[in-house]
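Biologist: I'm new to this one. Could you show me the structure and let me ask how you know what you say about it?

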Amino acid sequence: MSNILAITGRPNVGKSTLFNRLVERKKAIMDDESGVTRDRHYGFGQWNGKYFTVIDTGGYVTGSDDIFEEAIRDQVKLALDEASVILFMVDCHDGMTDMDKDFANILRELKKPVFVVANKADNPDLTLMSNEFYGLGLESDIHVIASTSGSGTGDLLDAVVEHFEDSDVENPEEGVPRISILGRPNAGKSSFLNALLGKDRSIVTDIAGTTRDAINTRYKLFGKDFILTDTAGIRKKAKVKEDIEFYSVLRAIQSLQDSDVCIVMIDAERGFEAQDMNIITLADKYKKGIMIMVNKWDLIKDKDNKTTDNFKKEIQEKLGNPLSYIPIIFTSVTEKQRIFQAIELAIEVNTNRTRRITTSELNDAMLSEIEHYPPPALKGKHIKIKYVTQLPTRTPSFAFFCNLPQYIKEPYERFLTNKLRSHFDFRGVPIKIYFRQK
């Protein structure tokens with residue numbers, strides 16, 4: 001989409017609040033603390049029949065003690081390069097600051113439409129004070145808004161969309177498969193995304209909690225088109241003390257729910273822990289495709305030809321039989337070992353999740369298995385399964401029609417699930433079976 005609107009400015013002027021209003025969703029985390037947004041954050045908006053991409057950026061600062069300062073500036077510059085229209089947000093409460101003037105100098109060099117947006121104009125006095133921003137020397141009228149209430153945003157958008165082309169594409173990401181990268185903090189999720197893209201899409205440091213928002217990236221590989229989502233590390237609820245981390249975890253869980261496939265990344269040095277199991281259980285509950293990516297395998301010393309098998313066996317024992325369908329791959333993101341094989345596996349899992357088996361194939365395979373091992377009789381009554389079909393659901397679900405569905409117990413359901421997997425490729429995908437009266 002060529003209509004791209006970037007929201008920029010110094011920290012804590014209300015960029016994320018305006019972003020959420022334009023995309024009509026609470027996608028970006030908002031807090032009174034400055035520097036909450038770090039990476040570029042994308043969403044989609046619509047006004048007067050024109051559709052456009054919105055980019056939320058971190059606050060542009062120089063000379064601060066924030067160790068993320070340089071990385072955030074790089075992210076802002078990338079957003080400026082991508083944008084076709086730029087919103088320069090300032091704060092009516094604080095008035096014109098030196099940081100505003102410095103950033104105005106950068107925008108003045110760009111040959112793109114720039115709109116000065118004076119935010120937090122909550123009363124007539126503040127609206128009047130917004131005139132001082134003409135001192136920034138940008139060739140733009142001052143658009144006075146209050147992003148919290150939405151006051152003035154309509155007039156602002158009226159002016160902005162005049163610079164956009166007509167487009168009938170509401171959301172170019174609609175219907176595109178989504179792959180979420182999930183895991184505990186510092187497992188290497190952002191490094192994995194950057195290695196795949198060959199550029200710094202997400203900020204990476206050794207500090208846990210560097211990623212806060214869920215970062216979506218459109219990616220095309222092996223002839224496939226999909227969206228990769230980098231998420232914040234998910235810690236146990238008891239360890240989450242700050243509001244920002246709480247909302248980061250909520251965004252990560254929302255990404256899990258929105259995704260088609262979940263790549264659960266594990267730190268090989270720390271091993272498979274209870275929180276990894278919690279994430280996998282949640283993905284299984286929502287019927288997502290799942291794979292486990294053991295990262296930092298290069299840091300495991302004294303490996304022999306049994307180390308990988310033993311590590312995999314240990315994970316499988318903790319997963320148990322109900323989750324034994326989940327594939328496991330060993331990688332090193334820093335050494336770029338098997339990272340593309342990991343994505344190929346995620347694509348394969350997504351293909352399996354959407355697999356449709358014809359009714360004739362199902363009955364040929366499954367009725368033969370059922371004949372060899374029929375359901376155990378209960379209360380002297382024999383159970384006869386007569387017919388199998390796949391249901392038209394988003395994930396693989398099958399209906400077994402029989403005379404006494406209420407008498408079929410869980411062990412036999414597991415038997416049927418295992419036979420479905422042995423005949424058809426559903427690796428990485430949870431299967432749901434229903435028994436119906438015939």
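Predicted model: local features only at pLDDT ≥ 70, side-chain atom pairs only at ≥ 80, totals over all residues.

Biologist: Fine. How many helices and strands does the chain have?

Modeller: The secondary structure comes to 12 helices and 15 strands. Helices (H or I, at least four residues) and strands (E, at least two) are DSSP runs, numbered from the N terminus.

Biologist: Why is histidine 143 called buried?

Modeller: Buried means under 20% relative accessible area, exposed over 50%, and partly exposed in between (1.4 Å probe, protein chains only). Histidine 143 has a relative accessible area of 16%, so it counts as buried. Across the chain, 53% of the 438 residues fall in the buried class.

Biologist: Where does histidine 143 lie, and which residues is it in contact with?

Modeller: Histidine 143 is in strand 6, residues 142-144. Contact means heavy atoms within 4.5 Å. Leaving aside neighbours within four places in sequence, histidine 143 is in contact with Phe115, Val116, Val117, Ala118, Leu156 and Ala159.

Biologist: What puts the buried residues of helix 5 on the same side?

Modeller: In helix 5 (residues 153-160), the buried residues are Thr153, Leu156, Leu157, Ala159 and Val160. They cover an arc of only 160° around the axis, so they sit on the same side of helix 5. That arc is the one of the directions from the helix axis to the C-beta atoms.

Biologist: Why is strand 7 described as largely enclosed?

Modeller: Because 6 of the 6 residues of strand 7 (residues 178-183) are buried, strand 7 is largely enclosed by the rest of the structure. Arg178, Ser180 and Leu182 point one way, Ile179, Ile181 and Gly183 the other way, and all are buried.

Biologist: What makes strand 7 and strand 9 a pair?

Modeller: Two strands pair if DSSP finds at least two bridges between them. Strand 7 and strand 9 (residues 224-230) have 4 bridges, in the parallel sense, with isoleucine 181 opposite aspartate 230. Strand 7 is also joined to strand 10 (residues 261-267) by 5 bridges, again running parallel, and here leucine 182 stands opposite valine 264.

Biologist: In the sheet of 6 strands, what is the order?

Modeller: The order is 2-3-1-4-5-6, in an open sheet with mixed pairing. Strand 2 (41-47) and strand 6 are called edge strands: each pairs on one side only. Strand 4 (residues 85-91) and strand 5 (residues 114-119) pair in the parallel sense over 6 bridges, and isoleucine 86 has valine 114 in strand 5 as its bridge partner.

Biologist: How do you know that arginine 394 and aspartate 260 meet in a salt bridge?

Modeller: A salt bridge is a side-chain nitrogen of Lys or Arg within 4 Å of a carboxyl oxygen of Asp or Glu. For arginine 394 and aspartate 260 the N to O value is 3.6 Å, and the pair counts as a salt bridge. Arginine 394 lies in the loop between strand 13 (385-390) and strand 14 (397-402), and aspartate 260 in the loop between helix 7 (243-258) and strand 10, so the pair ties together parts that are 134 residues apart in sequence. Arginine 394 is exposed at 65% relative accessibility, whereas aspartate 260 is buried at 12%.

Biologist: Why can such side chains pair in general?

Modeller: Because side chains of opposite charge can pair when their charged atoms come close. By this rule the count comes to 13 salt bridges.

Methods
Residues numbered from 1 in each chain as written. Heavy atoms only, no water.
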